[in-house]
Amino acid sequence: MTETFNFSDKAKKILLGLIAIGILGLILGFVLYSDNNRVWANLLLNGYYFLGITLAAIFFVSVHQVGYSGWHVLIKRIPEAMGAFIPFASAVILLIVIGTAAGFHTLYEWAVPGVTDPNSDNYDSIIAGKAPYLNIPFFTIRIVIYIILWIALITFIRKLSQKEDLVGVSIYGKSKLYATLFLVVFAITSSTMSWDLVMSIDSHWYSTLFGWLNFSSYLVASVAIMILILIYLKSRGYMSAVNENHLHDLGKYLFGFSIFYTYLWFSQYLLIWYGNIPEATYYYYYRFKTPFFQILFFASLIINFILPFFVLMTRKSKRRVNVLAFVSIMLLIGHWIGFYFMIMPGTVGPEASIGIVEIFMAIGFFAAFFFIALRALTTTSLLPVNNPYVKESLKHHT
């Protein structure tokens, strides 16, 4: 039996109103700030954050499909719908790339003219040594290739899943093939895009854990959004077959990957501390010089680790809707702060703060993401009726 989601006019108006607030924040940024870098940095922060959440949603679907998982089938249409945000997130990232090539901003010090020219006052020998990788043409080509692969594979995965409702399990093998291809592409590009778009902001600095740290961060955020959308749908009377056992498993993802994220977060800090390499320690030394960034550092630890660790430790808490909703919202904010800590010190510097522009733009992106994901849910049945594991998911218990 199919089940179709009706995206109410009231919900649309609320989300469109919040998107308008986001656009207002963008305009205010260009009006209020003499340094346009702050607005571009906010575009990068939100564009990258929601790009990661989108990719992690399709990773969630793909890794379960390849692993012959059955429990997730009843909720798989939610992460698939989240994949519909990929063109919008890609457009924002392309805008950042165009701005880099055209000199509209200076988010990346390796793109500053003369930085690799020994005769220039801007010459930097370390960046010059990385020039074979960090140069505008290669940077642009890499990002365009990533985007083409992501959009193509996500489109195929979503269409095949919807087609399965019509033609049955005969295309299940094909769906698994595209899921496998996506995992291969994602395994490579999730790291390289984090190096290209975020780590290269601090061109002298490097971390071998950076890709994994980014992946774990936006995977937690992605599961948090899945939980919030699922709770919203159930509050409207949809997905009645989804029970507390499915919520429990999503809660376990939230709990487990929050610990994994913290493990990587602390490992990166510890490796840099005992390695004591000047190019590496500078990253934290620079951030700890500014009280505002110190606050963000500890806020990230409290929200992204201590909160989920203690609140979600018990079995009962992971099965309670109110608890999961609260922790999901806090983790979405906490991981946004985590990426803010990565991006803003190197792009805006000590003048960075979280003001009306940052809040408005973040609200706009959150609303746009939910609007597109909910609209995508209206295009297909919420219940994948012909999936071979749907009965397993209906009988799922933990």
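Mentor: With a term. A pocket is an open set of grid points with protein on both sides within 12 Å along at least five of seven lines, and its lining residues have an atom within 4 Å of a point. Keep in mind that this is a predicted model.

Trainee: Which element gives the most to the lining of the largest pocket?

Mentor: Helix α12 does, with 6 residues. The largest pocket holds about 460 Å³ of space. Its lining has 20 residues, and Leu-15, Leu-228, Ile-329, Phe-366 and Phe-370 are the closest to its centre. Two or more lining residues come from each of α1 (9-32), α8, α12 and α13 (356-377).

Trainee: How many cavities of 30 Å³ or more does a search of the whole structure find?

Mentor: Rolling a probe the size of a water molecule over the atoms shows where empty space is left. Here the search finds 4 such cavities. The largest cavity has a volume of about 110 Å³, and its lining includes Tyr-261, Trp-265, Tyr-283 and Tyr-284.

Trainee: What span should helix α6 have, and what do its end C-alpha atoms show?

Mentor: At 1.5 Å a residue, the 32 residues of α6 (residues 136-167) should span 46 Å, and the end C-alpha atoms are 46 Å apart, which agrees. At the start of α6, a side-chain oxygen of Asn-135 comes within 3.0 Å of the backbone nitrogen of Phe-138. Just after α6, Gly-168 has a positive phi of about 90 degrees.

Trainee: Which residues have the most contacts inside the largest nonpolar core?

Mentor: Met-82 and Ile-229, in a core of 138 residues. Beyond its neighbours within four places in sequence, Met-82 is in contact with residues including Ile-53, Ile-229 and Phe-369.

Terms used:
Residues numbered from 1 in each chain as written. Predicted model: local features only at pLDDT ≥ 70, side-chain atom pairs only at ≥ 80, totals over all residues. Heavy atoms only, no water. Helix = DSSP H or I, 4+ residues; strand = E, 2+ residues; numbered from the N terminus. Expected span 1.5 Å × (residues − 1). Polar contact = N/O pair within 3.5 Å; in protein donor to acceptor, adjacent residues only side chain to side chain. Core = buried A, V, L, I, M, F, W, Y, C linked by side-chain atoms within 4.5 Å. Buried < 20%, exposed > 50% of the residue type's maximum accessible area, 1.4 Å probe, protein only. Contact = heavy atoms within 4.5 Å. 1 Å grid on protein atoms, 1.4 Å probe; cavity = no way out; pocket = protein on both sides within 12 Å on 5 of 7 lines; lining within 4 Å. Points joined across faces, edges and corners; volume = space filled by probe spheres on them.
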